[in-house]
Amino acid sequence: MTIQAQPLFSSLAGVQVLAPVSKTPEYEPSTTTQADILTKSALSFVVLLHRSFNSTRKQLLENRQLVQEQLDQGIPLSFLQDETMTKVRNDPTWQGAFPAPGLTDRRTEITGPPERKMIVNALNTPVKTYMSDFEDSSAPTWANVITGQVNLYDAVRHQIDFVSKDNGKAYRVNQSQQFSTPTLLVRPRGWHMVDKHILVDGEPVSASILDFGLYFFHNAHELINQGRGPYFYLPKMEHHLEAKLWNDVFNVAQDSLAVSRGTIRATVLIETLPAAYQMEEIIFQLRNHSAGLNCGRWDYIFSTIKRLRNDPSKILPDRDQVTMTVPFMKAYCERLINICHRRQVHAMGGMAAQIPIKNDPEANKVAISKVKNDKLREATMNYDGTWVAHPALAPIANDVFNEHMPTPNQIHIVPDEDVSEADLSNTAIAGGKITTEGIRKNLFIALSYIESWLRGVGCVPINNLMEDAATAEVSRLQLYSWVLHSVKMEDSNKTVTPDLMSSILEEEVEKLTEQFGSKGRKFKEAARYLEPEITGKSVSEFLTTLIYDSVVTVGKPIDLEALKD
């Protein structure tokens, strides 16, 4: 395979790669290898971005804890009052970017990790866009990270077809003239993540910059030649300056590869409570690169619990009672749609986590009904599109949006909203209950997900829902807050204590071990990570950073001179 070499962008002195880089194709008939991705030029491009921006990244992460300290002191979140940002919000003249080619109509988006079979299935799904995810649905083993880039390289070049070594089945993308493959977007890992397989000047490389940099370096020009562009989803930001950091990265990346500024487009997931207070400012920081905002519902619930965890008046009930129609979630949605449409960018709806239930027609009927009702809510609220986790759900979402959104989007509709600062943090839910069953469900989800993650799997069907890190985070933080505030369970009137939580945890581990067996499974290891987090001994910022070292396999530094140019 011939890949045009680029000049080195940054010295590789002080850079170490602590994982193997294979020169053997993993998927036939493709000839693309890991060595075609981690070239000297691609690595030096990533290193340039890392050295330019990593200090700012680390400072912004420290700033998040200053916000937490203020919340713990009883100082509530508020809309920014500094003069510059007040002017930004009050200026009606500025707008985000005009929709880029392939991003005008986004009525249904499918998401999943950059695993080859999933990519083929997603590209064969009747949706407008497909987000390939290095973040919450992908455990960041070195194999998942680097092979994911191989898979996207091939997907961009329409050479993703392959024959499975496991079962001999051929996976092919539909190339008929009657079918148009979805526009590709990529979600890199969040600013909080690093990748310890590559060290730059003695520090792990920013995972965000690694994921973005490798994809952009190899695919930007090819995508542009095809009439599309390098498009991204940006996760878990908590401040508009974190969006500015991405914008600065975009500008340097585009300048370095002679790509016109504004070619990159990025949709920001508003999936943290602090970010909900700065939606307008986040669009402003990305202006020419903005492709709108998305309601990342599960992470948003997780962030709300996490940031308000020390306030006993903000305790949330059992997870299944925290729906999109409860007041604080409804306020968040209404504010996002209003702001996006006033600034002429897309407002994207959330995930339908249900998956088809093959062996239970009645349960499947209920699940499909839930999906349809959720998509109806979004379409009639004037969202411009929605997410699904499974190809079978795409026709349902399409039908709803086709009926209620005859135009390519609804950006022209600016619905009224009157959301106050207090509304976004008012987590009171009428009739909300905390029960023993709620505890057991949370433990089952958290244990099952962590166990799968420890085995390198980041997207897991649990209880007929497609679960990822965000839903496991909700489970973990709910359990932590219930113990912290010694809540009483509705069904037993028992107080939730550390001892009670540990006891139920042990019971759930035994059940899972009995159900799945112990060979090759890691439920006890998962419990060891989870137990301190749900009994009040510790509270980690992210589950994925807590257990990251469990999927890192580092070795001796490889010879960088052996990398392709």
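I looked up Gln254 and found it buried, because its relative accessibility is 0% (buried means under 20% relative accessible area, with a 1.4 Å probe and protein chains only). Gln254 sits in helix α7, residues 240-256 (helices are DSSP runs of H or I with at least four residues, strands are E runs of at least two, both numbered from the N terminus).

This is a predicted model, where local features need pLDDT of at least 70, side-chain atom pairs count only at pLDDT 80 or more, and totals for chains, interfaces and linings use all residues. Residues are numbered from 1 along each chain as its sequence is written, and side-chain values use heavy atoms, without hydrogens and water.

I then listed what Gln254 touches (heavy atoms within 4.5 Å). Leaving out residues up to four places away in sequence, the contacts include Phe216, Arg261, Ile264 and His289. The Gln254 side chain also reaches the backbone nitrogen of Thr263 at 3.2 Å.

Next, a helix pair. The axes of α3 (residues 83-90) and α9 (residues 279-286) come within 10 Å and cross at roughly 90° (axes are lines fitted to C-alpha atoms, for helices over the stretch in contact; angles run from 0 to 180 degrees between N-to-C directions). α3 and α9 are therefore roughly perpendicular (65 to 115 degrees). Met85, Val88 and Arg89 of α3 meet Glu280, Glu281, Phe284 and Gln285 of α9.

Last, a sheet. I found an open sheet of 3 strands, ordered β1-β7-β8, with antiparallel pairing (strands pair if DSSP finds at least two bridges between them). β7 (residues 194-200) and β8 share 4 bridges. Asp195 stands opposite Val205 in β8.

How values were computed:
Angles under 35 degrees count as roughly parallel, over 145 as roughly antiparallel, 65 to 115 as roughly perpendicular and the rest as oblique. Buried means under 20% relative accessible area, exposed over 50%, partly exposed in between (1.4 Å probe, protein chains only). A polar contact is a pair of N or O atoms within 3.5 Å; within protein, one must be able to donate a hydrogen and the other to accept it, and residues adjacent in sequence count only if both atoms are side-chain atoms.
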